[in-house]
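Please examine the sequence and the structure shown below.

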Amino acid sequence: MTSSREFFDQAAAGWDARVGDAGLATLRSLLAGLSLPDGADVLDWGAGTGTMLPIIADLIGPHGSIVAVDSSAAMLEQAMTRCPVQDVRFVVADAATTNLAAASFDAVLCVRAFPHFPDKPAALREAARLLREDGLIAVVHAASRDEVNAGHARTGAALARDVLPPGPEMERLLREAGFTQIALLDEPGRYLATGRVARSQ
């Protein structure tokens, strides 16, 4: 059976035409509501073809930086064509083992990607490791949990098991990874799970 990584490697060249601009206005609105600080260092975690790069760049201003991570090299090749003016670094790596330096980011943004992470607890622990004190994690979709999961089921076997966890499980996963101030929004057309990591004094 084709894995989700293999699926995205194969789909990369035509992915943007396939997905189009669906949900981008909602995603921009959800990210804008996070009030990312000007000049923030941001990890685009599961960056895919880089759809969110111009949006993130606009939100953090010209002094911010972005690292775009994805397990699919083919998807990141497409993302490189969207490289904004800001400093952007592209890294092919699994979500749970990025090999990036600890405490490197003010925010980890996971837009339309979290269901595809095979080891979600390990991935969230990695996100916590990568964040600075009071750093923000945000898992974002322009669809509810049920809508996301149903869409993946329709796509076929490669993505059928790539799901967003139920709300209580998502909150538990975030808490066990070390996040506090956890909040969850799940309604038709919008999903946002956020938390902050606190460093021991």
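Q: In which helix is the place of Leu53?
A: Helices (H or I, at least four residues) and strands (E, at least two) are DSSP runs, numbered from the N terminus. Leu53 has its place in helix α4. This is a predicted model, in which local features need pLDDT of at least 70 and side-chain atom pairs count only at pLDDT 80 or more, while totals for chains, interfaces and linings use all residues. Residues are numbered from 1 along each chain as its sequence is written, and side-chain values use heavy atoms, with hydrogens and water left out.

Q: Is Leu53 buried or exposed?
A: Buried means under 20% relative accessible area, exposed over 50%, and partly exposed in between (1.4 Å probe, protein chains only). Leu53 has a relative accessible area of 0% and is therefore buried.

Q: Why is strand β2 described as largely enclosed by the rest of the structure?
A: Strand β2 comprises residues 65-70, and six of its six residues are buried, so the strand is largely enclosed. Ser65, Val67 and Val69 point one way from β2, whereas Ile66, Ala68 and Asp70 point the other way; all are buried.

Q: How many bridges join strand β1 to β2?
A: Two strands pair if DSSP finds at least two bridges between them. Strand β1 (residues 41-45) runs parallel to β2 and is joined to it by five bridges. Within this pairing, Asp41 stands opposite Ser65. Between the two strands the chain passes through helix α4 (residues 53-60), and this β-α-β crossover is right-handed (with the strands pointing away from the viewer, the path from the first strand over the helix to the second runs clockwise).

Q: Which residue in β3 is the bridge partner of Ile66?
A: The partner of Ile66 is Val88. Strand β3 (residues 87-92) and β2 pair in the parallel sense over six bridges.

Q: How many aromatic pairs does a search of the whole structure find?
A: Rings of Phe, Tyr and Trp (its six-membered ring) pair if their centres lie within 6.5 Å; planes under 30 degrees apart count as stacked, over 60 as edge-to-face and the rest as tilted. The search finds two aromatic pairs. One of them is edge-to-face: Phe114 and Phe117 lie 5.8 Å centre to centre, with 70° between the planes. Phe114 is buried at 0% relative accessible area, and Phe117 counts as buried at 9%. Together with Trp45, Phe114 and Phe117 form one aromatic cluster.
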